[in-house]
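Student: I would like to go through a two-chain model with you and learn how to read its features. Where do we begin?

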Amino acid sequence: MNKEFQELQELLEERGQGVPADEYFEGFLSDFHRRQRQDLMKRSARSLLLERMGVWLREMGGSKWAYGAGAAYVLVIVGLFAWPRGNASKEGIEPVSLEVPEQKVLHFEAERSGKKENEPPKATEF
Amino acid sequence: MAVKANDPDQELVRRAQEGDTQAFDDLVIKYSRKLYGLVYNMTSNKEDTHDLLQEIFAKAYRSLRHFRGKSTFYTWIYSIATNMTLNFLKKRGRRRGLSLDDVDSGIQNDTSFVDQGHRANPRRQSNIHELQKRLNEALQALSEDHRAVVTMFDIQGMPHAEISKILGVSEGTVRSRLYYAHKQLQGHLEDFWKR
């Protein structure tokens, strides 16, 4: 260990010996109590809830991912069921009907060249 | 609740968790001096140190009922203090860079501080202010992570193992950060020593 390094360590140690006077720490505790009271009055119930949820999530460790994935799954499922269904026709998509469409009778025009009305057309005319 | 069996604060923590505010006050009194040293040596600013320390104890108070005793209370509250101070320094750095307004000239120049260190050594007393001023500048030039290990190891005398638990890094990382930080600090003070 060289002389400079030793001196550096002594200088750093000296920094650790410098502390504020006792009065400071007496006032510090009083200030802490005052701030705690102010903090409690200011905080809304919502922010307290959010903070506690944050602490709870942080302290759950690895299991928070499982809980998170579960919560996301539940949200997706709830979202699918809760999604309004009546707006499909508004976008121009008609729902599919299962009813059979009415059958129309086809009428063939009679040939003007003197054929009878009830005579079937010749195969070559198709 | 399962507070670590060899935790000297076990009883105070248990009482504080049950809502005894006097027990928490006792913990504040016990740790405010040590934590002040940690935060002040990292921020170099008295007002910031005071506010941060208040926030650290407020956070510890709110989180105490979730403290499971996997580590000692000492390690737990040091982790809170270190993380909050590192976050504060990162925010301060982003906000305005490091300006002279942010940094005090050093504990040794502050009349409200009781320094028992260099009075016994009159030879060094003439140089001590200049050296400490330079050391202060050198410490501010370190990254926040390096300053944290120097503060905990060299200034507060904590063992490598404790620092590694608090910072959540390996002991090897603590040692390498210390090595690099010492080199940087020596480099800053070199020209003063060569005079």
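**Reading a predicted two-chain model**

Tutor: Begin with one pair in one helix: B:R175 and B:E171 are four residues apart in helix α8 of chain B, so about one helical turn separates them. This is a predicted model.

Student: How far apart are the closest N and O atoms of B:R175 and B:E171?

Tutor: The distance is 3.6 Å, and the pair forms a salt bridge. B:R175 is partly exposed, at a relative accessible area of 46%. B:E171 is partly exposed as well, with 34%.

Student: Which residues are joined into one network by salt bridges that share partners?

Tutor: The network consists of A:D31, A:R34, A:R35 and B:D51. Over all chains, the count comes to 13 salt bridges.

Student: Are B:R92 and B:D48 buried or exposed?

Tutor: The cut-off for buried is under 20% relative accessible area. B:R92 has 3% relative accessibility, so it counts as buried. B:D48 has 15%, so it counts as buried too.

Student: Which salt bridge shows the case of two chains?

Tutor: Take B:R33 and A:D22, whose side chains meet in a salt bridge at 2.6 Å, N to O. B:R33 lies in helix α2 (residues 21–43) of chain B, and A:D22 lies in helix α2 of chain A, so this pair joins two chains. For accessibility, B:R33 is partly exposed at 33%, and A:D22 is partly exposed at 44%.

Student: How many salt bridges are there between chain A and chain B?

Tutor: The count is four. In one salt bridge, the side chains of A:E51 and B:R62 meet at 2.3 Å, N to O. As for polar contacts, 13 residue pairs with both members at pLDDT 80 or more are counted between chain A and chain B.

Student: Which elements of chain A give two or more residues to the side that touches chain B?

Tutor: They are α1 (3–17), β1 (19–20), α2 (22–42) and α3 (45–59) of chain A. The element that gives the most is α1(A), with 13 residues. By residue class, this side of chain A divides into 13 nonpolar, seven polar and 15 charged residues.

Student: How is the size of an interface expressed?

Tutor: It is often given as the accessible area lost when the parts come together. Here chain A and chain B bury about 3,800 Å² between them, and 55% of that is on carbon and sulfur atoms. In terms of residues, 35 of chain A are in contact with 46 of chain B.

Student: Can we look at one residue of chain B that touches chain A?

Tutor: B:H182 will do. B:H182 lies in helix α8 (residues 171–194) of chain B. Apart from neighbours within four places in sequence, B:H182 is in contact with A:F5, A:L8, A:Q9 and B:D154. Its relative accessibility is 7%, so B:H182 counts as buried.

Student: What is the secondary structure of chain B as a whole?

Tutor: Chain B has eight helices and one strand. From the N terminus on, the order is α-α-α-α-β-α-α-α-α. Of the 195 residues in chain B, 53% are buried. To read the fold through its contacts, take those with a separation of 6 or more: in chain B, residues 24 or more positions apart account for 67% of them.

Student: What about backbone angles?

Tutor: Look for a positive phi in a residue other than glycine. B:S44 is such a residue, with phi near 55°. B:S44 sits in the loop between α2 and α3 of chain B, and at 1% relative accessibility B:S44 counts as buried.

Student: Which element of chain A has the lowest mean pLDDT, and which the highest?

Tutor: The lowest is α3(A), at 80, and the highest is α2(A), at 89. For chain A overall the mean pLDDT is 75, with 66% of its residues reaching 70 or more.

Conventions: Residues are numbered from 1 along each chain as its sequence is written. Chains are lettered from A and ligands numbered from 1 in the order in which they are written. Side-chain values use heavy atoms; hydrogens and water are left out. Contact means heavy atoms within 4.5 Å. Buried area is the accessible area (1.4 Å probe) that two parts lose on being put together, summed over both. A polar contact is a pair of N or O atoms within 3.5 Å; within protein, one must be able to donate a hydrogen and the other to accept it, and residues adjacent in sequence count only if both atoms are side-chain atoms. Ala, Val, Leu, Ile, Met, Phe, Trp, Tyr, Cys and Pro count as nonpolar, Asp, Glu, Lys and Arg as charged, and the others, Gly among them, as polar. Buried means under 20% relative accessible area, exposed over 50%, partly exposed in between (1.4 Å probe, protein chains only). pLDDT is the predictor's confidence in each residue, from 0 to 100.
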